[in-house]
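Dear colleague,

I am passing on a structure that is new to you, and my notes on it follow directly below. Please read them with the structure open beside you.

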Amino acid sequence: MDVITPQNVKEVLEELAKDPYAGVLAGGTDLLVKWKSNIITPPRLFTILGLQELNFIREEEGYLKIGPLVTHQDLAESAIVQRHAPLLAKACGQVGSLQIRNRGTIGGNLVTASPAGDTIPALVVLNASVVLQSAQGERQVPLRDFITGPGKTVLQPGELLTAVLFPCMEVTEVGFYRKLGQRQAMAISIVNLALKATLENAVIKDICIACGSVGPTVVELKKTANRLKGHCLDTSELRDVVANAGDETSPISDLRASQEYRRKMVGELLYEGLQSLRRQSAG
Amino acid sequence: MAVYTFTLNGKLTSVEVPSDTTLLETLRETLGLTGTKEGCGKGECGACTVIVNGKAANACLIVTSQLVGADIRTIEGLGSDGILDSLQTAFVETGAVQCGYCTPGMLMSARALLLKKNNPSTEEIRESIAGNLCRCTGYAKIAEAIRKAAVSARERGV
């Protein structure tokens with residue numbers, strides 16, 4: 001495998017136009033594992049990790065714009081991210097181990113498109129989009145539409161993910177993120193769940209819920225969200241409202257957990273999330 | 001084959017290796033620095049932890065061509081002239097070593113933590129080594145040694 005180091009994004013796009021099936025290497029925490037296990041065998045890889053123009057966190061006109069090469073640890077520690085999207089900072093802090101978070105990038109997490117990807121549910125509830133650039137031009141795709149299956153995205157040969165962006169959270173919005181794994185570090189999620197809600201005097205005006213590891217791609221709990229609207233976070237009936245939330249998901253049984261357990265945990269994590277929102281609105 | 005130049009344990013170092021050679025292979029096979037261990041080879045165990053630009057990283061998941069101009073520290077860079085550094089001393093005095101295979105990685109994760117925080121909390125110490133597996137299960141002593149090293153470094157004002 002030949003690893004080539006382009007000097008700037010323009011050069012990457014030109015090279016990808018000539019050789020659209022070459023791989024792109026960022027932090028390598030996923031790609032190099034697959035390469036070592038012979039799951040992928042790209043003849044050529046462009047390593048982009050050194051390109052500072054793809055490593056930024058910017059607040060622009062009410063949006064947070066993040067370069068694909070920002071590492072999970074930098075996002076977890078970023079004051080701007082903690083202020084405008086604390087649930088994303090939380091999600092990034094739960095990825096792998098410190099060694100993995102120090103290398104693995106947010107762009108890599110999205111392009112890898114694992115059903116268990118830790119940042120994906122967080123970015124979906126934040127209404128994130130990705131910017132895809134090629135030698136021909138660029139397009140913006142909502143993250144919901146970007147990932148189409150396990151390891152599958154709409155990224156076309158020759159395209160490079162060059163930014164992730166989403167609206168900064170409003171002062172009336174609160175969020176939550178929780179990952180359930182077999183241990184805290186280095187565990188692949190059994191279930192992960194993100195939610196973002198607009199509250200008015202502890203009443204849910206609007207809510208968006210997304211879960212990972214319970215379907216081929218991220219699953220949004222739209223019916224449950226609709227049922228929750230108008231409910232007060234202080235009421236005791238919330239338990240019943242979220243009890244069957246897992247019915248909206250389609251998990252599999254694998255060596256980490258059974259289908260039934262995953263379904264049940266969706267409701268549990270959601271309930272925990274609603275309790276967290278209640279505390280946040282009170283505080 | 002290409003030549004890649006980086007700073008290794010404070011010295012400017014050039015190696016000529018194929019572009020897909022991992023840092024771990026470069027350290028152990030090209031440079032003969034066998035203190036950095038290979039465990040799983042997939043970033044799960046942390047035995048190959050080194051410090052790249054001030055941050056802990058798995059040497060098995062970095063290709064050498066990504067390291068042009070980088071500042072790399074390995075276990076061989078701890079201590080000097082046969083004198084152990086404060087973390088190594090604390091590991092010895094605390095009995096934080098059993099079979100020893102995870103020790104270089106543990107020390108580098110701990111060093112990366114102490115580079116950033118001179119008074120880490122118990123939680124921060126545990127998190128700093130959460131990516132390092134010790135199959136002798138000696139984590140309590142390791143965490144204690146890191147805490148002691150932090151205390152002794154603060155007392156000596158370093």
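Predicted model: local features only at pLDDT ≥ 70, side-chain atom pairs only at ≥ 80, totals over all residues.

The contact between the chains takes 21 residues from chain A and 21 residues from chain B, where two residues are in contact if their C-beta atoms, placed from the backbone, lie within 7 Å. On the side of chain B that touches chain A, strand E4 (55–58) and helix H4 (122–128) of chain B each supply at least two residues, and E4(B) gives the largest share, four residues. Helices (H or I, at least four residues) and strands (E, at least two) are DSSP runs, numbered from the N terminus.

Residues are numbered from 1 along each chain as its sequence is written, and chains are lettered from A and ligands numbered from 1 in the order in which they are written.

Turning to the fold, chain B has five helices and five strands, which follow the pattern β-β-α-β-β-β-α-α-α-α along the sequence. The C-alpha trace of chain B spans about 45 × 35 × 25 Å along its principal axes. Of the contacts in chain B with a separation of 6 or more, 58% join residues 24 or more positions apart.

With kind regards
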